[in-house]
Structure formats: structure tokens, C-alpha cells
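Hello,

Here is the structure for you to look over. My notes on it follow below.

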Amino acid sequence: LTLLVLSAAACLFSMQLRRLQKGGEALAAGDLTSQVDTSRMYFDLKRHGENLNAISRGMSIAVEQRLKSERLKTELITNVSHDIKTPLTSIVNYVDLLQREHTPEQEREYLAVLDRQSARLKKLTEDLVGASKASSGTLPVHLEAVDVNVLLSQVSGEYQSRFELCRLEPIVKLAPESPQILADGKLLWRVSDNLLSNICK
């Protein structure tokens, strides 16, 4: 009877080990959907099976986040490339107009458009380079004490006229104690600028 019980236990133990082995092999082969059935496992074997399942779920989440990040990068590059194309086309067209016969008034008008579009193109290019550096982790960050109240006041003041055109009323609540944060003032300004620009759009 003892031999029979020991044989059954050894057989069950062997089956559970085999189940763990298959789960590990599936993970090693890249099958992140594979899950070990731990319903009839016991003691350390059950714990190891649950650990394998946790690893599988964790890797699936990591892969999904990586794919999402890659999609966002692709969308960013596509959008910025499209934005760059607009002022670039305008510059090419107005240069062509300058090369033809035109009046002094038209020349001033063309040059004003070229100046405006070239400035826009420069900003878009800088944004693209900045986004590339940020995604690769090489964007330099200069930390300093930044007064949150001052930053909010400057940003809201900068956008006051645009808010009025868009019929938006900002509600700015400044903290009485003027809190300081450790941040890169220029980068934080760009974040706020992009945020409010998108709100106006």
C-alpha cells in the first residue's frame, strides 16, 4: 500500500514537473500567451507555476507597451513630417514668385511670408530633433528651482489673446506660498506651451 501511494505521488510529481517544463519551454520559445495550469499543483511546484504565469503576463505587458511606444513615435514622425511639408512648400512657391516679375509691394509681401514660414519651419525642425533626443534618452535636462506661480502666470499671459479668440476663459489658481519645483524651466515651458496650443486648436 505504501509503495502504491509513493508511486502515485511520484507519478503526480512527475506530471506537474512536466507541466512546468512545458510552460518554461513555451516562454523560452516566445509564446507569451502560454499559461501553466496550477489548479492541481501543490506546494513549491504551484508557486513556481504561478511565477511562470506572472513572468508571461509581465512580458506581454512590456511588449505591448513597447509596441505602443513605437506606434506613438511613428505617428509623431508622420505628423511632424506633414507639418514640415506645409511651410516648405510655401517657401518653395514664394521663392519661385520672387524670381518672376513683381512689384516692390509684392516683394515685401513675399519676403514677409518667407520670413514667417522659415521661422515656423525652424521651430518644427527643432521640435522634431527634440522629440528624437527625448525618445532616445539623450535630451539634456538642466534642473533648477522653478516658481510654479510665475510659470503659470507667464503661460496664461502669453496665451491670453489666443484664449479670447477661441472664446476660452482660463481659470488660474495660484498657490499662496509660491511653491518651488526642481525642473528644467525651458522644457517645462515647452510642455505647457504645447498643451495650451492643443487646447486652443
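Which helix gives the most to the lining of the largest pocket? Helix 3 does, with 8 residues. Bear in mind that this is a predicted model.

**Largest pocket**

The space in the largest pocket comes to about 720 Å³. Its lining has 22 residues, and the closest to the centre are Lys 123, Leu 124, Asp 127, Arg 190 and Asn 194. Three helices each supply at least two lining residues: helix 2 (43–98), helix 3 (104–136) and helix 6 (185–200). Sorted by class, the lining holds 10 nonpolar, 4 polar and 8 charged residues.

**Second largest pocket**

This one has a volume of about 200 Å³. Among its lining residues are Val 148, Leu 151, Leu 152, Val 155, Phe 163, Pro 170, Leu 188 and Leu 196. Helix 4 (148–158) and helix 6 are the elements that give two or more residues to this lining. Helix 4 gives the most, with 5 residues. What is the make-up by class of the lining of the second largest pocket? There are 10 nonpolar and 2 polar residues, and no charged ones. The lining of the largest pocket, for its part, has 8 charged residues.

**Helix 4**

Asn 149, Leu 151, Val 155 and Ser 156 are buried in helix 4. Seen down the helix axis, the buried residues fall within an arc of 160°, so they line one face of helix 4. What do the buried residues of helix 4 pack against? Their partners are strand 1 (144–147), helix 5 (160–165) and helix 6. Leu 151, Val 155 and Ser 156 are buried, and these three residues also line the second largest pocket. At the start of helix 4, Asp 147 brings a side-chain oxygen to within 2.9 Å of the backbone nitrogen of Asn 149.

**Backbone angles to check**

Most residues other than glycine have a negative phi. Two residues here are worth a look.

- Arg 167 is not a glycine, yet has a positive phi of about 60°. Arg 167 sits in the loop between helix 5 and strand 2 (180–183). Arg 167 is exposed, at 77% relative accessible area.
- Ser 178 is not a glycine either, and has a positive phi of about 50°. Ser 178 is in the loop between helix 5 and strand 2. Ser 178 counts as partly exposed, at 33% relative accessibility.

Best wishes

Key:
Residues numbered from 1 in each chain as written. Predicted model: local features only at pLDDT ≥ 70, side-chain atom pairs only at ≥ 80, totals over all residues. Heavy atoms only, no water. 1 Å grid on protein atoms, 1.4 Å probe; cavity = no way out; pocket = protein on both sides within 12 Å on 5 of 7 lines; lining within 4 Å. Points joined across faces, edges and corners; volume = space filled by probe spheres on them. Helix = DSSP H or I, 4+ residues; strand = E, 2+ residues; numbered from the N terminus. Nonpolar A, V, L, I, M, F, W, Y, C, P; charged D, E, K, R; others polar. Buried < 20%, exposed > 50% of the residue type's maximum accessible area, 1.4 Å probe, protein only. Arc of directions from axis to C-beta. Contact = heavy atoms within 4.5 Å. Polar contact = N/O pair within 3.5 Å; in protein donor to acceptor, adjacent residues only side chain to side chain.
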